[in-house]
Amino acid sequence: MNQTNVGGVRQRSVEIVVPVHNEAHVLADSIGRLHAHLEASFPFPFRITVADNASTDATWPVATGLTLRLPHVHAMRLDEKGRGRALKYVWSRSDADVVAYMDVDLSTGLDGFLPLVAPLLSGHSDLAIGSRLHRQADVVRGPKREFLSRSYNLLLRLGLAARFSDAQCGFKAVRTDVFRALAPHIENTAWFFDTELLVLAQRNRLRIHEVPVDWVDDPDSRVDIVRTAVDDLRGVGRMLRATVTGRTRVTALPRRTGVPQVPAARTAPAHPSHQANLEYAS
């Protein structure tokens, strides 16, 4: 995936992970749309990795089929369920400079992706998040989800002194070297993974860039809201205890270095050779 421009300077690259569990019915359309958008408008080398975490439907066959017809798409399959587990596995092994993820329903407008990763590619910031609660965001969702989202982020501000506005939007990116330093300290393997990552970043004075996003609620979302809320509350309590005891401190974080680059024409990226947990397709 790594390439050089006409001056012989290596171009910075991005790996976008789409974690999925039983999403065979929407996977091909969503990945096709994402791939077409990035090929048409994204000026850096990229890879899309479908991370299937223990699907029991046809998600894996669909994913492997996509790798055969779309040059920038890869797939890997994990034995155990968990969005956080899938992200941690792929991100930790990525050879890209920046790793990102988005939800398979593509609820977040794709025009926001370049503004999301650009500050990381330039070296200006360490993490970047899409925010549905930013005053410039354009969000369409029901009152119940709106209330739950605002209540959860208020809880983070009151309980953990969070300064980021939206912990749960499925549209995030992080410098790969920064993530590798934080990864051993992230315990959650499910939905609280995002919050834990952001709290650790804030506690260690990393720069978090926020991008207002266009976002349309997916009516087919199968997230168990009650169970997720309970798990989140437990996670908040654990992070609060970790903060009090100093266990959120991470040593040997990489320095931020600015390396602005002029985008060059891409060629099809080479597929990585690192091993997957169970299955890998490219």
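**Exercise 1. Find what share of the contacts in the chain with a separation of 6 or more comes from residues 24 or more positions apart.**

Solution. Start with the term: a contact means heavy atoms within 4.5 Å. Residues 24 or more positions apart account for 81% of the contacts in the chain with a separation of 6 or more. Before going on, note that this is a predicted model, in which local features need pLDDT of at least 70, side-chain atom pairs count only at pLDDT 80 or more, and totals for chains, interfaces and linings use all residues. Residues are numbered from 1 along each chain as its sequence is written, and side-chain values use heavy atoms, with hydrogens and water left out.

**Exercise 2. Describe the chain as a whole: how many helices and strands does it have, and what percentage of its residues count as buried?**

Solution. Step one: the chain has 8 helices and 12 strands. Here helices (H or I, at least four residues) and strands (E, at least two) are DSSP runs, numbered from the N terminus. Step two: 50% of the 282 residues count as buried. Buried means under 20% relative accessible area, exposed over 50%, and partly exposed in between, with a 1.4 Å probe and protein chains only.

**Exercise 3. Decide where the model calls for caution: over which residues is the pLDDT below 50?**

Solution. First, pLDDT is the predictor's confidence in each residue, from 0 to 100. The chain averages a pLDDT of 87, and 85% of the residues score at least 70. Over residues 258-278, however, the pLDDT is below 50, although this stretch has 54 contacts in the model beyond near neighbours in sequence. Where pLDDT is low, the predicted coordinates should not be read in detail.

**Exercise 4. Work out how helices α1 and α2 are arranged: at what angle do their axes cross?**

Solution. Two packed helices are described by the angle between their axes and the distance between the axes. Axes are lines fitted to C-alpha atoms, for helices over the stretch in contact, and angles run from 0 to 180 degrees between N-to-C directions.

1. Helix α1 covers residues 24-41 and helix α2 residues 59-69; their axes come within 9 Å and cross at roughly 20 degrees.
2. This makes α1 roughly parallel to α2. Angles under 35 degrees count as roughly parallel, over 145 as roughly antiparallel, 65 to 115 as roughly perpendicular and the rest as oblique.
3. From α1, the contact is made by Ala24, Leu27, Ala28 and Ile31, and from α2 by Thr59, Val62, Ala63, Leu66 and Arg69.
4. Sorted by class, the contact of α1 with α2 has 7 nonpolar, 1 polar and 1 charged residues. Ala, Val, Leu, Ile, Met, Phe, Trp, Tyr, Cys and Pro count as nonpolar, Asp, Glu, Lys and Arg as charged, and the others, Gly among them, as polar.

**Exercise 5. Now try α3 and α7: which residues meet?**

Solution. The axes of α3 (residues 83-93) and α7 come within 9 Å and cross at roughly 55 degrees. The two helices are therefore oblique to each other. Arg83, Gly84, Leu87, Lys88 and Trp91 in α3 meet Phe193, Asp194 and Leu197 in α7. By class, this contact of α3 with α7 has 4 nonpolar, 1 polar and 3 charged residues.

**Exercise 6. Look at the backbone: what is the phi of Asn22, and what is the phi of Ala54?**

Solution. Most residues other than glycine have a negative phi. Asn22, although not a glycine, has a positive phi of about 55 degrees; Asn22 sits in the loop between β3 and α1. Ala54 is not a glycine, yet has a positive phi of about 65 degrees, and its place is in the loop between β4 (46-53) and α2.
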